[in-house]
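Here is a short walk through one protein chain. Keep the structure in view and follow each stop in turn.

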Amino acid sequence: MTTRTPPAGLAARLAETACVNAPFKLADGGRLDAYFDEYRLASDPALLRDTATAMAGLVPGDAQVLAGIELGGVPLVVALSAATGLPAVFVRRKPKSYGSRHQVEGLPIDGRRIVLVDDVVRSGGQLLHMARILRMVGGPVTHALCVLERPLGGRTLLAEHRVTLRSLFTEADLPSPRAGGAA
């Protein structure tokens, strides 16, 4: 499972549906003029299925568990789990303050090789944080997958911490969004 050839037209479909040309405030306070709206991707069942099918070719052959990052990675990891047959777990930024109080939900990971899954990678900080959480609870993480990689240092940061990033598309692969909404 290491092919990186998305089907023809998938980039255009993603851009049409999920790339938005409007101001967007990042968690760190930064601002973007255009952004990738993972909710638009997740709400289109055919596009979500086709994206997951294409991402299945990026999953390393020795992967045993897929880990979706709250919130954008959750629909993707469910669809990718269905496409690959690999089980999925779900990683919260912080442990739940009630109920199970778990930070990692789903089956026990017990040393299984984990692949992180998220929608967009920018700086890589969020993926690195999640990789550390999974490593602390006994899950070796050596790979991460994303739909879209923005060239803001994420690949380098992750590599410095022994996590290989595999992206379905880079920002340059997608058509530019049109003004006023989805591309």
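Residues 24 or more positions apart supply 63% of the contacts in the protein chain, counting contacts with a separation of 6 or more. Keep in mind that this is a predicted model. The secondary structure of the chain comes to six helices and ten strands. Its radius of gyration is 16 Å, close to the 16 Å that the globule rule gives for 183 residues, so the chain is as compact as a globular protein of that length. Along the principal axes, the C-alpha trace spans about 45 × 35 × 35 Å. Of the 183 residues, 46% are buried.

Now go inside. The largest nonpolar core has 33 residues. Leu14, Phe36, Leu41, Met55, Leu66, Leu80 and Phe169 have the most contacts inside this core. Which elements give two or more residues to the core? They are helices H1 (10-18), H3 (45-56) and H4 (73-84), together with strands S8 (114-121), S9 (141-149) and S10 (164-170). The largest share comes from H3, with six residues.

Leu41 is then in contact with Leu14, Ala18, Phe36, Leu47, Leu48, Thr51, Leu76 and Val147. There is also a second, separate core. This one has 22 residues, including Val65, Ala131, Ala144 and Leu158.

Next, look at a pair of helices. Two packed helices are described by the angle between their axes and the distance between the axes. H3 and H4 pack at an angle of about 65 degrees. Their axes are 8 Å apart. The crossing of H3 past H4 is right-handed. Which residues make the contact? From H3 come Leu48, Thr51, Ala52, Thr53, Met55 and Ala56. From H4 come Pro75, Leu76, Ala79, Leu80, Ala83 and Thr84. By class, this contact has nine nonpolar residues, three polar ones and no charged ones.

Turn now to helix H1, where Leu10 is placed. Is Leu10 buried or exposed? With a relative accessibility of 0%, Leu10 counts as buried, because the cut-off for that is under 20%. Not counting residues up to four places away in sequence, Leu10 touches Leu47, Asp50, Thr51, Ala54, Leu168 and Phe169. From Leu10 to Ile114 is 104 residues in sequence and 26 Å in space, C-alpha to C-alpha.

Val141 is another buried residue, with a relative accessible area of 1%. Find Val141 in strand S9. Again without residues up to four places away in sequence, Val141 touches Ile114, Leu116, Ala131, Leu134, Arg135, Arg162 and Val163. Val141 and Leu10 are 131 residues apart along the chain, and their C-alpha atoms are separated by 28 Å.

The loops come next. Follow the loop between strand S5 (65-69) and H4, where Leu71 is placed. A cis peptide bond joins Glu70 and Leu71. Its omega is about -5 degrees. Most residues other than glycine have a negative phi, and most peptide bonds are trans.

Look for Arg101 in the loop between strand S6 (88-91) and strand S7 (104-106). Arg101 is exposed, with a relative accessible area of 56%. Asp110 lies in the loop between S7 and S8. At 65% relative accessibility, Asp110 counts as exposed, because the cut-off for that is over 50%.

The last stop is Pro151. Where is Pro151 placed? Its place is in the loop between S9 and helix H6 (154-160). Pro151 is exposed, with a relative accessible area of 62%. Pro151 and Arg162 are eleven residues apart in sequence. In space, their C-alpha atoms are 19 Å apart.

Note on methods: Residues are numbered from 1 along each chain as its sequence is written. This is a predicted model: local features need pLDDT of at least 70, side-chain atom pairs count only at pLDDT 80 or more; totals for chains, interfaces and linings use all residues. Side-chain values use heavy atoms; hydrogens and water are left out. A nonpolar core is a set of buried Ala, Val, Leu, Ile, Met, Phe, Trp, Tyr and Cys residues joined through side-chain atoms within 4.5 Å. Buried means under 20% relative accessible area, exposed over 50%, partly exposed in between (1.4 Å probe, protein chains only). Helices (H or I, at least four residues) and strands (E, at least two) are DSSP runs, numbered from the N terminus. Contact means heavy atoms within 4.5 Å. Axes are lines fitted to C-alpha atoms, for helices over the stretch in contact, and angles run from 0 to 180 degrees between N-to-C directions. A crossing is left-handed if the near helix is turned anticlockwise from the far one by less than a right angle, and right-handed if clockwise. Ala, Val, Leu, Ile, Met, Phe, Trp, Tyr, Cys and Pro count as nonpolar, Asp, Glu, Lys and Arg as charged, and the others, Gly among them, as polar. The radius of gyration is taken over C-alpha atoms; the globule rule is 2.2 Å times the number of residues to the power 0.38.
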